[in-house]
Amino acid sequence: MVMLELLRVQAQTQAQLLTNCVIALARDPLSPDQLNACASAARSFEATAHMVGLEAGAELARSMEECLAAVRRGDIELQQQLIGMMLQAVDLLDSMAKLPRTTPIAPLPHLTAVAERTETQPSKHKPVILVVDDSMEVRELERKLLRFRGYDVVTAADGLEAWYAVLSGNIDLVLTDIDMPLLDGIQLTRRIRKDPRFKKLPVLIACDKDNVQQRWRGFDAGATYYVIKGTFHDTLVEAVATRIGPTEF
């Protein structure tokens, strides 16, 4: 357990280092040294994140490294908008590294009486997550995973249905697929971001594993983060907890 805590501290340090590298890259976007430093910091965070079980953070760090490699090859141009997305990404990594561990810890004896007194108090508000996907199987998988972890979940089969659910004002986080009828995930995200009422509503995009372009399209539309299809068991709950906090399930 001590080693795990030391690794989590190391992950926090590496997240801060990666943040500093991206900030330096923003000042000198054409510097090969800064590109290499950012890529190296992303690799270091990815390795540590795997060891402490932050799979969503490891995946995001790997995506950043892939993006930086594409910049070095000249496949994509490093513009300020892309750097802004990277800054948003490293902010998420820093938040993940600081998440409290979810392993239940036995209460201290002198706190038992306090716990017993609070059992009769009204339960706290459970965060409500909107799951949007035109595949019933995927919706059910995501719904079950999130409900098992203590979240309330509502679902929508397309972007338009999801938009009306968002307008209810009862949603704490949106998890959406990209390719859907009527209103796709990118259009849904843009519509959410254009409404001042939902400016800070977290939106997670579900992307295909090897489609880096989908991830950056999502960020460009205003998505807060992304999860990779096929890895929901490892990354979905972690990504949600990073944005709206874990529940006491």
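Predicted model: local features only at pLDDT ≥ 70, side-chain atom pairs only at ≥ 80, totals over all residues.
User: What makes lysine 229 and aspartate 208 a salt bridge?

Analyst: The side chains of lysine 229 and aspartate 208 come to 3.6 Å, N to O, and the cut-off asks for a side-chain nitrogen of Lys or Arg within 4 Å of a carboxyl oxygen of Asp or Glu, so the pair qualifies as a salt bridge. The pair links distant parts of the chain, with lysine 229 in the loop between strand S5 (225-228) and helix H10 (232-244) and aspartate 208 in the loop between strand S4 (203-207) and helix H9 (212-221), 21 residues apart. Aspartate 208, with a relative accessible area of 32%, is partly exposed. Salt bridges that share partners also join Arg62, Glu66 and Arg215 into one network.

User: How many salt bridges does the structure hold, and what is known of the one between aspartate 195 and arginine 197?

Analyst: The structure holds seven salt bridges. In one of them the side chains of aspartate 195 and arginine 197 meet at 2.6 Å, N to O, which is within the 4 Å limit and therefore counts. Aspartate 195 is at 13% relative accessibility, and because buried means under 20%, aspartate 195 counts as buried. Arginine 197, by contrast, has a relative accessible area of 59%, and since exposed means over 50%, arginine 197 is exposed.

User: How do you know that arginine 143 and glutamate 140 form a salt bridge, and where do they lie?

Analyst: Their closest N and O atoms are 2.9 Å apart, and a distance within 4 Å is what the term requires, so the pair of arginine 143 and glutamate 140 is a salt bridge. Both residues lie in helix H6, three residues apart, about one turn of the helix. An α-helix has 3.6 residues a turn, so residues three or four places apart point the same way. As for accessibility, arginine 143 at 23% counts as partly exposed, and glutamate 140 at 30% counts as partly exposed too.

User: What makes the span of helix H6 close to the expected one, and which of its residues are buried?

Analyst: Helix H6 (residues 136-148) has 13 residues and reaches 18 Å from its first C-alpha to its last, close to the 18 Å expected at 1.5 Å a residue. In H6, Arg139, Glu142, Leu145 and Leu146 are buried. They cover an arc of only 140° around the axis, which puts them on the same side of H6. The face of H6 turned away from that buried side carries the exposed residues Met136, Glu137, Lys144 and Phe148. Just after H6, glycine 150 takes a positive phi of about 100°.

User: Why is aspartate 158 described as buried yet without a salt bridge?

Analyst: Aspartate 158 is buried, and the nearest side chain of opposite charge, that of arginine 139, is 8.1 Å away; a salt bridge needs the charged atoms within 4 Å, so aspartate 158 has none. Aspartate 158 is found in the loop between strand S2 (152-156) and helix H7 (159-167). A polar atom of its side chain lies 2.8 Å from the backbone nitrogen of glutamate 161. Not counting residues up to four places away in sequence, aspartate 158 touches Val132, Met180, Pro181, Leu182 and Leu183.

User: How do you know that leucine 18 is buried, and what is leucine 18 in contact with?

Analyst: Leucine 18 has a relative accessible area of 0%, and because this is under 20%, leucine 18 is buried. Leucine 18 is found in helix H1 (residues 2-27). Leaving aside neighbours within four places in sequence, leucine 18 is in contact with Cys38, Ala41, Ala42, Met64, Val90 and Leu93. One of these, alanine 41, is 23 residues from leucine 18 in sequence and 5.3 Å away in space, C-alpha to C-alpha.

User: What makes glutamine 187 partly exposed?

Analyst: Glutamine 187, in helix H8 (residues 185-194), is at 40% relative accessibility, and because this falls between 20% and 50%, glutamine 187 counts as partly exposed.

Methods
Residues numbered from 1 in each chain as written. Heavy atoms only, no water. Helix = DSSP H or I, 4+ residues; strand = E, 2+ residues; numbered from the N terminus. Buried < 20%, exposed > 50% of the residue type's maximum accessible area, 1.4 Å probe, protein only. Lys, Arg positive; Asp, Glu negative; His and termini not counted. Polar contact = N/O pair within 3.5 Å; in protein donor to acceptor, adjacent residues only side chain to side chain. Contact = heavy atoms within 4.5 Å. Expected span 1.5 Å × (residues − 1). Arc of directions from axis to C-beta.
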